[in-house]
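Please look at the sequence and the structure shown here, and keep both in view while reading the explanation.

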Amino acid sequence: MKKMTSIERTMAAISHKEADRVPLFLLLSAYGAKELNMPIKEYFSKAENVVKAQLLMKEKYQNDCIYTFFYAPIEIEAFGGEVIYVDDGPPNSGEPFITEIDQINRLEVPNIEKCAGLQKVLQATRLLKEKVGNETPIIGVVMSPFSLPVMQMGFEKYVEVIYEHPVHFAKLMSINERFCIAWANAQLEAGATAICYFDPLASPNMIERETYLKTGHLMAKRTISGINGPTATHLGSGIALPVIEDLLETGTAIVGFSGKDDLDAIKLATTNKLCLLGNLNGLEMIHWDLNRVEKEVKNIIFKAAKGGGLILSDNHGEIPWQVSEEILLKIGQTVKKYGTYPIMDVDENE
Amino acid sequence: MKTEMIEMDKLILEFEEALLQINRVKAEEIFEKLYKNENNFGELEVLVVKTLEIMGTAWEYGDISLAQEYMASIICEELIEKYLPLANAMRKNVPKIAIGVLKDHHGLGKRMVYATLRAGGFELLDFGQGLSVEEMCQKTIDSQVEILLVSTLMYASALSVKELRLMLDKAGSTAKIIVGGAPFRLDCELWKTVGAEADGKDASKIIGIIETMLAQEGEERT
């Protein structure tokens with residue numbers, strides 16, 4: 001089969017067809033600072049840094065995507081919240097800015113044009129689009145309206161809002177939904193090919209399915225229908241199998257699933273319906289040796305790549321800072337070696 | 001004895017159901033019924049601790065959600081807070097325990113462990129969240145803490161436990177560290193790497209971990 005571009009490879013996987021090989025999405029965000037050998041805070045201070053690192057890392061690791069995700073609390077900055085930088089990991093949200101439930105009544109939808117952080121993401125997206133054109137998919141990111149409140153008000157307070165304050169919950173969802181749709185569409189207009197809809201609370205590890213169906217699921221259906229491009233729903237390490245059919249109903253095309261999901265079962269449940277994105281354990285990856293990389297990558301490919309419908313990735317949505325370059329290079333090599341279609345059976349490779 | 005156990009098992013099932021439905025009224029009815037029948041605070045503790053343990057295991061197996069487990073621990077803490085003075089019972093304040101969130105402001109895990117220990121009748125200090133390594137070390141020394149519970153969310157924060165361990169050792173503290181949080185669940189060997197004495201895969205296991213630790217200490221002394 002002739003060599004495909006990254007976008008052709010990805011589109012084949014999403015269409016449940018076999019490409020030249022399994023596409024690889026190494027979701028590299030703060031890791032770009034390592035590539036440019038600069039502190040993380042400085043790295044994210046200029047869109048140009050992200051552009052440079054993304055292009056370098058795409059070539060270096062044979063990556064099939066450009067990831068314009070800066071850090072999760074960039075949306076919290078837009079709401080006026082605090083971001084805390086560390087030297088060896090992704091920036092984290094500071095103290096929640098909603099300290100009393102009644103504050104929800106006074107919350108307003110941030111104006112994207114006035115948020116410096118979001119503008120940097122859009123600038124990076126535009127510059128990257130100029131560079132890669134239609135050769136490589138550019139993946140933008142939004143936090144789902146349902147999951148964003150974990151950073152807005154802290155999970156403990158938010159859980160009480162979900163169960164016991166339906167009016168405040170509805171108000172918060174309405175604000176977050178408008179923001180999420182506007183933010184996703186701004187990224188698409190800037191050149192993003194698709195939007196990764198981060199929704200860790202959709203996982204039954206976090207919120208039981210019965211409640212999710214009455215809350216986050218309805219929210220996802222409404223929000224995703226308002227986004228003017230394809231979406232991938234990512235559950236950020238949470239298990240996805242028990243809600244696969246529900247996720248499918250939201251109109252998403254891809255699901256980021258967990259290292260704890262049963263691979264055989266989830267492949268069966270998603271065949272010709274949803275494309276799988278995953279599910280290497282990013283944290284365990286820190287301690288892997290090269291043999292372990294090969295074993296883990298082969299396992300996913302042999303169990304989930306046949307017939308298309310698989311994009312190989314990590315299960316959290318960001319490669320940890322502590323993972324060595326050697327490991328990432330080995331992932332790329334292993335995908336090339338064992339993920340070239342047609343996928344052979346295990347014995348033939350041994 | 002067997003009949004009593006069956007009765008307690010039935011009650012635990014009923015109580016768990018009420019907690020899963022976030023039904024505070026039903027949960028309190030069960031509590032009150034048991035207290036009136038037994039007039040014994042210890043039975044209330046057994047009900048709470050066993051139910052939370054069952055729910056913790058259910059969460060680990062993916063049968064219930066973290067949100068349900070959190071609400072259960074909060075309701076149990078509220079009930080114990082209410083019945084403790086009625087029963088004229090005292091909290092267990094040995095060993096001296098403290099909890100805090102290291103380099104992070106996400107307090108859910110800490111809140112759950114705090115509530116679980118309080119619901120189990122333990123006294124403990126809450127050092128708060130967003131603490132630096134230095135702050136957590138100083139508070140531990142100042143309060144002469146014997147068991148320090150450290151909650152983290154981000155991997156970088158989890159790695160800082162190693163620095164905390166070294167700092168405590170240097171300051172002469174013999175506090176035992178029990179870690180918890182997502183990085184330790186996703187990387188099963190991490191707690192050993194950072195020099196903790198134990199890790200709590202789930203908030204409900206904390207009482208068992210502390211009791212095992214105390215029993216081991218007792219054996220070592222004898």
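Predicted model: local features only at pLDDT ≥ 70, side-chain atom pairs only at ≥ 80, totals over all residues.

Residues are numbered from 1 along each chain as its sequence is written, chains are lettered from A and ligands numbered from 1 in the order in which they are written, and side-chain values use heavy atoms, with hydrogens and water left out.

Four cavities of 30 Å³ or more are found in the structure; on a 1 Å grid over the protein atoms alone, a cavity is a set of points where a 1.4 Å probe fits but cannot get out, and its lining residues have an atom within 4 Å of a point. The largest cavity holds about 80 Å³ of space, a volume being the space filled by probe spheres set on the grid points, which are joined across faces, edges and corners. Among the residues that line the largest cavity are Phe25(A), Ile139(A) and Cys196(A).

Turning to the rings, 16 aromatic pairs are found over all chains, where rings of Phe, Tyr and Trp (its six-membered ring) pair if their centres lie within 6.5 Å, and planes under 30 degrees apart count as stacked, over 60 as edge-to-face and the rest as tilted. The ring centres of Phe44(A) and Tyr71(A) are 5.2 Å apart and the planes stand at 75 degrees, so this pair is edge-to-face. Phe44(A) is buried, with a relative accessible area of 1%, and Tyr71(A) is buried at 2%, where buried means under 20% relative accessible area, exposed over 50% and partly exposed in between (1.4 Å probe, protein chains only).

Note on methods. 1 Å grid on protein atoms, 1.4 Å probe; cavity = no way out; pocket = protein on both sides within 12 Å on 5 of 7 lines; lining within 4 Å.
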